[in-house]
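Visitor: I would like to go through this model, starting with its overall build. Please show it first.

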Amino acid sequence: MNNKKELFLIDAFPIIYQSYYAYIKNPLFTSFGLNTSPIVNFTKFLINLLNIENPSYMGVVFDGNKKKNFRKKKYNEYKKNRKKTPVEIILSIPYIIQILKSFQILSIHSDHGYEADDVIGTIASQAENCGYTVYIISLDKDFLQLITKNIKVYIPPFRGKKKKILKINDVIKKFNVESPKQLIDLWAMMGDPTDGIPGLPGIGEKNAKKFIKKYGTIEKLFNSIKNFNKNIKKKIEINKDIGLLSKQLVTIVTNIPNIKFNENEFFIKDPNFDSIKNIFNKLEFFSLLKKAYKYYKKK
């Protein structure tokens, strides 16, 4: 067991989506017709992670009710272009939660209008204050804004690629910013069509990077509006409110009131191998059962 004060927080849905689409051309089915593609790959990822990192503290966070999302209430176009979740993924969630329970790993669902990102951000911030090094395991770039000395983004190995652990200097070097927190203002200016973040129309990535370097924040950009030529000045003036809204939309909440980090809840107890065996046999994960047994014996 890893006795260091290290907390691993898994952003569930991006991993599950990646797991599903990895088999999209050749999906895996049980003898009773269940598409287990997302469950198989997620379970492989989980067992590999447990064996490689040998964590003592872990939580897996799922998105809750998207309709109650506070960002959606602020801006109806937020993530409007996202495709509906494939039914195969929806059906896989209860099995994945059951597998996590068998491994004695905490699963958490976002609630009260917040997203999984906000739950992870809040737990990570509190855990850091309690002396933990936190690894946020996700494929979502939004988490880069949370990177500090003790909070890192862990990109898991998929499709033959090696894992990456991104730190402060990686973000500064890649985006040419002074700190990871400046990504919030950069993305607020640039916008993101994938998530329905409007940004500052007509500014674009090149100007956004230039403005960040010179002014640091979107608020300081607005306060310096007199320095711009007529065309740029007009674009910024007209879109000030939408720019500030964009910043709210891209900022991960790190202080959800009803969430309190309790290290005991995240501590991984010994797996319940009888439970693992039952669910794996039900899903016909016979080769994976052998890998799970090796982990169980190692614990």
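Guide: Helices (H or I, at least four residues) and strands (E, at least two) are DSSP runs, numbered from the N terminus. This is a predicted model, in which local features need pLDDT of at least 70, side-chain atom pairs count only at pLDDT 80 or more, and totals for chains, interfaces and linings use all residues. Residues are numbered from 1 along each chain as its sequence is written, and side-chain values use heavy atoms, with hydrogens and water left out.

Visitor: How many helices and strands does the protein chain have?

Guide: Counting DSSP runs as just defined, the protein chain has six strands and 14 helices.
The C-alpha trace spans about 70 × 40 × 35 Å along its principal axes. To end on the counts asked for: 14 helices and six strands.

Visitor: What percentage of the 299 residues is buried?

Guide: Buried means under 20% relative accessible area (1.4 Å probe, protein chains only). By that cut-off, the buried share of the 299 residues is 49%.

Visitor: Which residues touch the most other members of the largest nonpolar core?

Guide: A nonpolar core is a set of buried Ala, Val, Leu, Ile, Met, Phe, Trp, Tyr and Cys residues joined through side-chain atoms within 4.5 Å. The largest has 55 residues, and those touching the most other members are Leu7, Ile123, Val134, Leu144, Phe211 and Ile236.

Visitor: Which residues are in contact with Phe211, leaving aside its neighbours within four places in sequence?

Guide: Contact means heavy atoms within 4.5 Å. With those neighbours set aside, the partners of Phe211 are Met189, Ile203, Gly216, Leu221, Phe228, Ile232 and Ile236.

Visitor: Which residues does the second, separate core include?

Guide: This core has 43 residues. Among them are Tyr20, Phe45, Tyr135 and Ile276.

Note on methods: Buried < 20%, exposed > 50% of the residue type's maximum accessible area, 1.4 Å probe, protein only.
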